Amino acid sequence: RSLIHNVKLMRRKYRSTSRTILVSWLPQYHDMGLIGGLLTSMVSGAYAILFSPMTFIRDPLLWLQVISKNHATHSAGPNFAFELLVRKLELNKVQNFDLSSLVFLMTAAEPIRPATLKRFIELTQAFGLSQEVMAPGYGLAENCVYVCSAYGEDKPILVDWQGRVCCGYFNPNDKDVDIRIVDPETGKELEKSENEGEVWVSSLSSGVGYWDMKELSETTFRNKLDNHSGKLYL
């Protein structure tokens, strides 16, 4: 149930259809590569072009070459991958990629550095890449993979005063994912935007617990807000 819900959620958020062309080098034993990439493409009836992570490491620009050659629409990678691209693009200034076909390019799976994201956009604008297709995202394996992303909201990429990139927007009317910022000591939701707390997620995508770890599962997957709503949060 969790897997089906998460894949359907990503399919809708990614705007993935049978016309989608995915390019991915992400390992298929990782949730982002397997569920976020391969399974979501399969459910959408999309076309996927896959190659090895080791091939990407040896030649990072191959990622952009494959996207350009196949007019890909979707792809994703962690921050370190975009840093590798930035280094290679700065060293190899004579390139002729066409990235205008991309409609969704996610960066997730590790902390996103705003300097990396900004420089990548600067270096690829000449290839037709629009800032609007960039999708900083947040997820975790305990929720299958996807929780939210800052994409499709008609808003620019946001960076806060501490240099943190916005990876999603809170929507109290979202029926798929209920996100709250909570004080973990009291279980009370923080109301002021300037306060920091834990991200609590309630969704059908959430797992039921860790294998053979009942106590840890209880404290991770069975949290309750201090408002007696009865809803469980991850």
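Tutor: Please do, and bear in mind that this is a predicted model.

Student: Where is Ser 18 found?
Tutor: Ser 18 belongs to the loop between helix H1 (2-14) and S1.

Student: And how far is the C-alpha atom of Ser 18 from that of Ser 44?
Tutor: The two C-alpha atoms are separated by 5.5 Å, although Ser 18 and Ser 44 are 26 residues apart along the chain.

Student: Let us turn to S1. How many bridges join S1 to S2, and do the strands run parallel or antiparallel?
Tutor: Strand S1 (residues 21-24) and strand S2 (residues 47-50) run parallel and are joined by 4 bridges. Within this pair, Ile 21 stands opposite Tyr 47 of S2. Between the two strands the chain passes through helix H2 (residues 31-44), and this β-α-β crossover is right-handed.

Student: How many bridges join S1 to S3?
Tutor: There are 2 bridges between S1 and S3, and these strands run parallel. Here Val 23 stands opposite Ser 75 in S3.

Student: What about S3 and S4: how many bridges are there?
Tutor: S3 and S4 run parallel with 4 bridges between them. His 74 has Phe 104 of S4 opposite to it.

Student: Are the faces of S3 covered or open?
Tutor: Both faces of S3 are covered. His 74 and Ala 76 on one side are buried, as are Ser 75 and Gly 77 on the other.

Student: Which other residue has a positive phi without being a glycine?
Tutor: Asp 212 is one, with phi near 60°. Asp 212 lies in the loop between S9 and helix H7 (214-221), and at 71% relative accessibility it counts as exposed.

Student: Changing topic: how many cavities of 30 Å³ or more does a search of the whole structure find?
Tutor: The search finds 1 cavity of 30 Å³ or more. The largest cavity has a volume of about 160 Å³. It is lined by 17 residues, and those closest to its centre are Tyr 14, Leu 22, Gly 36, Gly 37 and Ala 76.

Student: Which elements give two or more residues to that lining?
Tutor: They are S1, H2, strand S3 (74-77) and strand S4 (104-107). The largest share, 5 residues, comes from H2.

Student: And what is the lining like by class?
Tutor: The lining of the largest cavity has 8 nonpolar and 9 polar residues, and no charged ones.

Student: Now for helix H6. Which of its residues are buried?
Tutor: In helix H6 (residues 114-124), the buried residues are Thr 116, Leu 117, Phe 120, Ile 121, Leu 123 and Thr 124. Seen down the axis of H6, they fall within an arc of 165°, so they line one face of the helix. On the other side of H6, Ala 115 and Lys 118 are exposed.

Student: Next, in what order do S7, S8 and S9 lie in their sheet?
Tutor: The 3 strands form an open sheet in the order S8-S7-S9, with antiparallel pairing. Strand S8 (188-189) and strand S9 (198-203) are the edge strands, each pairing on one side only. Strand S7 (residues 177-183) is joined to S8 by 2 bridges, and the bridge partner of Val 182 in S8 is Glu 189.

Conventions
Residues are numbered from 1 along each chain as its sequence is written. This is a predicted model: local features need pLDDT of at least 70, side-chain atom pairs count only at pLDDT 80 or more; totals for chains, interfaces and linings use all residues. Side-chain values use heavy atoms; hydrogens and water are left out. Two strands pair if DSSP finds at least two bridges between them. A crossover is right-handed if, with the strands pointing away from the viewer, the path from the first strand over the helix to the second runs clockwise. On a 1 Å grid over the protein atoms alone, a cavity is a set of points where a 1.4 Å probe fits but cannot get out, and a pocket is an open set with protein on both sides within 12 Å along at least five of seven lines; lining residues have an atom within 4 Å of a point. Grid points are joined across faces, edges and corners, and a volume is the space filled by probe spheres set on the points. Ala, Val, Leu, Ile, Met, Phe, Trp, Tyr, Cys and Pro count as nonpolar, Asp, Glu, Lys and Arg as charged, and the others, Gly among them, as polar. Buried means under 20% relative accessible area, exposed over 50%, partly exposed in between (1.4 Å probe, protein chains only). The arc is that of the directions from the helix axis to the C-beta atoms.
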